[in-house]
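Welcome! Here is a short briefing to read alongside the sequence and the 3D view.

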Amino acid sequence: MKEGRPVAVETRHLIQVRYSLSTICLSSLLQDALEVLVEYHELTEIEGPRVAYSRAASVLKSLPWTIESMGGTEALPCVGEKTRTLIQEILQYGRSFEVEKILADERYQTLKLFTSVFGVGPKTADKWYRRGLRSFSQILADPDVQLNRMQQNGFLHYTDLSRGLSAAEARAVEAVVGETVRTVAPNARVVLTGGFRRGKEFGHDVDFIVTTAEPGRENSLLPLIMGRLEEQGLLLFQAHHPSTLALKKIPCRRFEAMDYYSKCFLILKLEGSRVQGGGQAVPAGRGWRAVRVDLVAPPIERFAFTQLGWTGSKQFERDLRRFARVERNMLLDNHALFDKNQFLAAVTEKDIFAHLGLEYMEPWQRNA
Ligand code: DCP
Ligand code: MG
């Protein structure tokens, strides 16, 4: 972790370098500009524009042609007036003044920096910002700031966690988690989900679904797995949230983005020797790096919904849920698909796509 005021300045500098480098490619400049706008509204918790810009970004990303003029942009779905103004500005000047203003904004820079710490969300970041805090060292030196266990570990492992993970590292984590699960619960099933299932080359964590055919047993899986990881000396941090599924009223009226399954958020020690190619990201001399891993353990009959929900991307999930609601009058979430007055069963993701009257989409096609 870097100390003192320069951290915020460096973050800003890095973003700006990336931003200006991408001027070589107009569409990536537009994507970067939209990404900043989405992030700004996410950090400041302004929902309307965040959703509008994410949808526009996802439509523009999926266009089979490159935007070279404003012609045709008015007919694009989800591309509203503000996005069109942005496109025009970028076409005309090769930059967006609004985005540049955001990038130079002290509040944006600080919220971005603070939320880059594991366990710090926009609310905490804003609280610290309003206290006048601007750097990690100021936070850590403030006697009135109480860090919870997750945040303490976020700061402790900041350098490793902020570096992200390569696909090779994710594969090594998959092998470690797979071996651990096979040792403690040979009949359990563990599958990779999240961004790496979508074929991403780089991610912030590795996500897994663990489940078993024995009803009710899924709730004891995660403590067993964490115990075994601890025995191996690989568990640096764990936050376990037991299932609250039984408390849920069924049928539920309000379908949630998150879910009620047993889950744990971990920081594991990944040994460089386990990574194919030597694990360049593992600091020399130490031989290991910290990695973020999430495990979720749904009951087996909820597996397909969990897999669809946790594979993401977040924008794809939002769009799919909206499609179910608006076009099919159904409710979809990580637990179920509800049609009028009944739940539709699904064993695989394909069943869910079929219920929705959609062609199956492979995980790599869901990178919206
Ligand atoms: N998800 C969810 N409920 C949670 C946590 C995640 O429904 N409590 C979903 C949202 C995402 C998917 O799981 O679509 C994976 O979440 P990540 O935040 O790990 O996102 P990705 O894996 O897509 O990207 P990355 O980890 O690289 O940031
Ligand atoms: Mg992930």
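Domain bounds here come from an automatic or database domain assignment. For the protein chain, that assignment gives domain 1 (6-156) and domain 2 (157-368). This is a predicted model, in which local features need pLDDT of at least 70, side-chain atom pairs count only at pLDDT 80 or more, and totals for chains, interfaces and linings use all residues. Residues are numbered from 1 along each chain as its sequence is written, while chains are lettered from A and ligands numbered from 1 in the order in which they are written.

**Where the domains meet**
- Ten residues of domain 1 are in contact with ten of domain 2 (contact: C-beta atoms, placed from the backbone, within 7 Å).
- On the side of domain 1 that touches domain 2, α3 (47-61) and α9 (149-156) each supply at least two residues (helices are DSSP runs of H or I, at least four residues, and strands runs of E, at least two, numbered from the N terminus).
- The largest share of that side, five residues, comes from α9.

**The annotated site**
- UniProt, in an unreviewed entry, places a "binding site" at D205, D207 and D294; such annotations may be inferred rather than shown by experiment, and positions follow the numbering used here, with feature names shortened.
- These residues span 90 residues in sequence, yet no two of their C-alpha atoms are more than 7.2 Å apart, so they gather at one spot.

**Two of its residues**
- D207 lies in strand β4 (residues 206-211), and D294 in strand β7 (residues 288-297).
- D207 counts as buried, with 22 C-beta neighbours inside 10 Å, whereas D294, with 16 other C-beta atoms within 10 Å, is partly exposed (buried: 20 or more within 10 Å; exposed: 12 or fewer; partly exposed: in between; C-beta atoms placed from the backbone).

Key
Contact = placed C-beta atoms within 7 Å.
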